[in-house]
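Hello,

Here is the structure I promised to pass on to you. Please have a look at it first, and then read my notes below.

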Amino acid sequence: MVATALLDPYNRTVRDLRISITDRCNFRCTYCMPEEGMKWLPRDELLTYEELTRVARICVERFGFESIRITGGEPTVRAHLPVLIRHLAELGVDLAMTTNGATLSHQAAELARSGLRRINISCDSLRPDRFAAITCRDALGAVLAGIDASLAAGLDPVKVNCVVVRGLNDDEILDFAAFGRAKGVELRFIEWMPLDGGGQWNMGQVVPATEIVAAIDAEWPLVAPGGGGVRDSAPAESYTYADGAGRVGVIASVTRPFCESCDRIRVTAEGQLRNCLFSVRETDLRGILRGGGTDDDLASAIEAEVGRKWAGHSIGQVHFTRPARSMSQIGG
Ligand code: SAM
Ligand code: SF4
């Protein structure tokens, strides 16, 4: 079957699929979800690995998708993850995962052997006490070991995601940059988005990417090709250290949205297709999957949802509507 590019109404080609495989998590990062009170999906509502793979296969075979990222919730808490990785790797795409990294010290090698290529590991403090306060888990050592295990397993690149929140960890930007330079991993500083389950988000605690870049540039000069960092279809603006010590990225989802180059769609753990992280509507793929729908039915539903993709979100503007679901329920 010859793949046909999937174009949205703004002529952007959609070719990147984010799959959430669970809404559950073994951490409780304060900027993401409350410590108590999250309601988890019943097991039978989650798409099975076969269902997830079928959706992914249609995206690849029919629409030429090139990359798939597995996320959650925390994807490593779902049983038999290597099985899913193997199925998705067989599709021949660039396969990546975003994880909190806590179990990677014993999982990374098997995930790499199963076909995972790239990994993003989240870490929001390098201070054990603060890490525990942010995640509600005393797990900094495990996450750092997970980063090492990922490097040793040959996952490439290994990137570290750090959500910067004013008053929480914005005094660690240079520590993180130094960590990335020393380890040879790309730090990706992320602006805090209004998608936390606890409803604590406020604009005053968003640390603008420009501030993060300026702080790093003052210590270790950065090269910003094109005058503003390298922005490709990935959301990060990526800068190179002038002294050759690698790269560092910022994801300015709030202050400088990258919607004009967005090439992704998302499937939630229970099979709802979303054309944007901030969507307020979804298409129920699980209903089609479990109602005897054909591949043509699924492909039509995906096309129709992409056909409704908007120009972009409008955080900070009066008409912005916060989605009912939080980041961990959508799949970050
Ligand atoms: N549990 C995994 C992890 O933490 O990497 C994967 C899911 S998590 C929702 C994906 C990414 O979203 C992580 O890098 C996390 O730090 C980030 N994230 C979570 N809530 C966020 C928020 N409100 N604003 C910005 N980023 C957020
Ligand atoms: Fe869990 Fe990731 Fe959210 Fe932290 S950011 S609570 S690890 S889903």
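Leu 81, Pro 82, Ile 85, Arg 86 and Ala 89 of helix H2 meet Glu 110, Leu 111 and Ser 114 of helix H3. Sorted by class, this contact between H2 and H3 has five nonpolar residues, one polar and two charged. Please keep in mind that the model is predicted.

To find this pair in the viewer, look for H2 at residues 81-89 and H3 at residues 104-114; they pack at an angle of about 25 degrees, and their axes are 8 Å apart. Angles under 35 degrees count as roughly parallel, so H2 is roughly parallel to H3. The crossing of H2 past H3 is right-handed.

The other pair is H6, residues 173-183, with H7, residues 209-219. Here the packing angle is about 60 degrees, with the axes 10 Å apart, and H6 and H7 are therefore oblique to each other. Their crossing is right-handed. On the H6 side, the contact is made by Ile 173, Leu 174 and Ala 177, while H7 brings Ile 212, Ala 215, Ile 216 and Glu 219. By class, the contact of H6 with H7 has six nonpolar residues and one charged, with no polar ones.

Now to the ligand. Which residues are around ligand 2? They are Cys 25, Phe 27, Cys 29, Tyr 31, Cys 32, Met 33, Gly 73 and Asn 100. This shell has six nonpolar and two polar residues, and no charged ones.

Enjoy exploring it!

Best wishes

Conventions. Residues numbered from 1 in each chain as written. Chains lettered and ligands numbered in written order. Predicted model: local features only at pLDDT ≥ 70, side-chain atom pairs only at ≥ 80, totals over all residues. Heavy atoms only, no water. Axes fitted to C-alpha atoms, helices over the stretch in contact; angles between N-to-C directions. Helix = DSSP H or I, 4+ residues; strand = E, 2+ residues; numbered from the N terminus. Parallel < 35°, antiparallel > 145°, perpendicular 65-115°, else oblique. Left-handed = near helix turned anticlockwise from the far one by under 90°. Contact = heavy atoms within 4.5 Å. Nonpolar A, V, L, I, M, F, W, Y, C, P; charged D, E, K, R; others polar. Near = heavy atom within 4 Å.
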